[in-house]
Structure formats: C-alpha cells, structure tokens
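The sequence and the model are displayed first, and a description of selected features follows.

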Amino acid sequence: MTPIYNQLLIPFLTAMAVAITMGGSGTAPAFSASYGANVLRKSLIPGLFGIMVFVGAFVAGKKTAGTMGSGILPAEYMSFTVVSVALFSIAVTMLVSNISGIPQSTSQAAVLALAAPALYFGKLDTHSLFYEIIPAWFVLPIVSYFLSYFCGKYIYQPMRRRGLTIQRAQNENKRHIWDVVLIIMALYVSFAIGSNNVANAAGPLYTMTINELHIRESDHIVILMLATLIVAPCFGIGASLFGHKILRNTGKEIVLFGKFEAVIIAFISGSLLLLASVFKGIPTSLVQVNVAAILGIGVAKMGHKNIFRKTQVRRFFGMWMIAPIISFVLSLLLIFIADKANMLR
C-alpha cells in the first residue's frame, strides 16, 4: 500500500467511527415514536435503520454533502490532518452523548468541528454559519414543537373533553393499520437522516479525497458515492451498539403516547429534516426537531410544567449546549497542536 493510501486509511476509519456514534444517536429520532408506542421490537430497529439511512444518503444527500465538504471550511484546506482532526472530534463528542444515553445533534457537532479549523485559518464563512445554518438549528425545533403542540391540542384535547380519549384511543391503537403507518413513518425518518447526517462524515471525506488524489472532475460523483458507501452502513452498527438506551430515554421517559400521536411526531420530524436537506443542504439537528415534537405532544396532553420539570428533559437541554462546545474546543486544540508539530500543509 502506497504512503498516500496509508494516509487515507486514517480519516476513512475515523469517519466510520463517527458514523457508528451518529447511528447510535440517530436511532432515537427515527424509531423512538414506534418504540414508545410498542410497535417494533428493538432487535429489528438497527437493520431497518441502516438500510433506510443508506438509501436516503444516495437519493437525497448530495446538497448537504456539498455543504459539509466545502461550505464551512474551504475545500483547499481539507487535508488528511484537518479532516482526521474534525472527524475525531465529532466521534469523541458523539461517544460521550451515546454513553450518557442522550440523543445529540450530529450536525451541530460536525459543523462546529469544521468551524474550528476554519476559524484557526481565518477562512470561516460567517455568513453561511450565522445566517443560514445556526438560525435553522433554532427555527426548525420551534416549528416542530408548535406543529406538534397544535396537533395534540386540536386532536387530543377535543377527544378528551368528549370523554372518548381512553376508549377510542384504545380501540384505534388495536388497529393494525396504525402499526403499518407508524413503521412507514420510522423508515421515512431514517431516510431523512440519510439525506442529512451521512454528509457529516461523507462530505469531508469526499472533498479530502479529491484534493489529495487529484481526482478529475468527471469522477467526483464516484468518489462521493464511495464515501457514502463506506459511511452509511455504519449507522446501522451504531444503532445496534448504542441505540437501546437512547430509544428508552426518548421513547419511554418523556411522555407515553399512542400510535396516532407517534405518527404525527415522526411525520413532522422527518419532513422538516428532509426539507432542510433537499432545498438548502443545511446540516441540521433531527434529534432536536424530534424531541421538540415529542415535547409539543406532551405539553398538549399533560401541560407545560409536567413535561419541562422532568429530569430527562433538563438533561437533554444540558447536553445539547455542552456537546457542540466540546466538539469545537477539541477540534481547535488538535489543529493548534498539529500546526505546532508541522503536520498541516
């Protein structure tokens, strides 16, 4: 194996580790609704999740891969060392989140891991970061929360006032059509994850490989497909290793919901992420969009105080603030060390 391919091996292996940790975190927004509604056994989830993430990445992931490949850090700075540092920082951040059992935004960790070297080199695209990507991180969960809240308020509460809630919900939940619809929604969300989150690892790999191997333009799509082929299947592995604890925390410990409510949560979450991927190529947080939808349903059913006082909810918000900072600081520190060791070129 030539030296250039030896160097490629490190970032590609790191990207696979990132994908495994992302798969653990991404399982929750895809399947927490169906798991919380007791439709799917946990043993089936990793395989279904991995297949649909793979399909989503190939069909709808190109724009987001472009953003992660050159929209935050200029393409010419995507060297072996820089990409390895960024991917390692993402992997460490996501591993901490997975061990704690809290679903974390892979996109936020990835964007800030790339923003650190961009800032260090003085090449940070502040317009893209502060006027497009970061605003989407706040707007989409808010939209998700209110859409879910209004669905819960104007569907669930009228049923309760008429005294139909318990009996009707039980009768509806027994119908197998809801099982089918809910599984379809889980697959739909997994597809949306593939369209967005696979790019967090595949995008930098794609740009780095083109730079270092001097790939001709006609072969660029082949390199993107290769990067996706390596990264996407690892999401299923991560779901198998880390997914159960996170599924339990989001699907069982915030609020218990029926199948109809679970369909609402999955549809809102997947649709918002897919829109961000296809139309703008913005790497965004499905985890936060999904939890916001769960909170919206929960508040509509149980009230604001009963939901937001829960320990799990407070832990989620705490980790969401800390984890991206860890990714940024670690990436910046490693870039500084690499520069002083003359490893950057």
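## Packing of H2 against H10

In this predicted model, helix H2 (residues 45–60) packs against H10 at an angle of about 165°, and their axes are 10 Å apart. Angles over 145 degrees count as roughly antiparallel, and H2 and H10 are therefore roughly antiparallel to each other. The crossing in which H2 passes H10 is right-handed.

On the H2 side, the contact involves Phe 54, Ala 57 and Phe 58, which meet Met 225, Thr 228 and Leu 229 in H10. By class, the residues of this contact comprise five nonpolar, one polar and no charged.

## Packing of H9 against H10

Helix H10 (residues 220–231) also packs with helix H9 (residues 199–213). Here the angle is about 140°, with the axes 9 Å apart. H9 and H10 are therefore oblique to each other, and their crossing is right-handed.

From H9, the residues Ala 201, Ala 202, Leu 205, Tyr 206, Thr 209 and Ile 210 take part. Their counterparts in H10 are His 220, Ile 223, Leu 224, Ala 227, Thr 228 and Val 231. The contact of H9 with H10 is made up of nine nonpolar, three polar and no charged residues.

Val 198 is placed in the loop between helix H8 (176–196) and H9. With a relative accessible area of 2%, Val 198 is buried, because buried means under 20% relative accessible area.

Leaving aside residues up to four places away in sequence, Val 198 touches Val 53, Ala 57, Ile 193, Thr 228, Val 231, Ala 232 and Phe 235. Val 198 and Val 18 are 180 residues apart along the chain, and their C-alpha atoms are separated by 9.7 Å.

## Packing of H8 against H12

H8 packs with helix H12 (residues 259–280) at an angle of about 20°, their axes being 8 Å apart. That makes H8 roughly parallel to H12. The crossing of these two helices is left-handed.

Residues contributed by H8 include Trp 178, Asp 179, Met 185, Tyr 188, Phe 191 and Ile 193. Those contributed by H12 include Lys 259, Phe 260, Phe 267, Gly 270 and Leu 274. The contact of H8 with H12 has 16 nonpolar, five polar and two charged residues. Ile 193, one of the H8 residues in this contact, is also one of the residues touched by Val 198.

## Ser 128 in H6

Ser 128 lies in helix H6 (residues 126–161). Its relative accessible area is 11%, and Ser 128 is thus buried. Apart from residues up to four places away in sequence, Ser 128 touches Gly 71 and Ile 133.

## The protein as a whole

The secondary structure consists of 15 helices and zero strands. Of the 345 residues in the protein, 56% are buried. The accessible surface comes to about 14800 Å², and 68% of this surface belongs to carbon and sulfur atoms.

Among contacts with a separation of 6 or more, 87% are between residues 24 or more positions apart.

How values were computed:
Residues numbered from 1 in each chain as written. Predicted model: local features only at pLDDT ≥ 70, side-chain atom pairs only at ≥ 80, totals over all residues. Heavy atoms only, no water. Axes fitted to C-alpha atoms, helices over the stretch in contact; angles between N-to-C directions. Helix = DSSP H or I, 4+ residues; strand = E, 2+ residues; numbered from the N terminus. Parallel < 35°, antiparallel > 145°, perpendicular 65-115°, else oblique. Left-handed = near helix turned anticlockwise from the far one by under 90°. Contact = heavy atoms within 4.5 Å. Nonpolar A, V, L, I, M, F, W, Y, C, P; charged D, E, K, R; others polar. Buried < 20%, exposed > 50% of the residue type's maximum accessible area, 1.4 Å probe, protein only. Areas by Shrake-Rupley, 256 points an atom, 1.4 Å probe, with all protein chains shown as cover.
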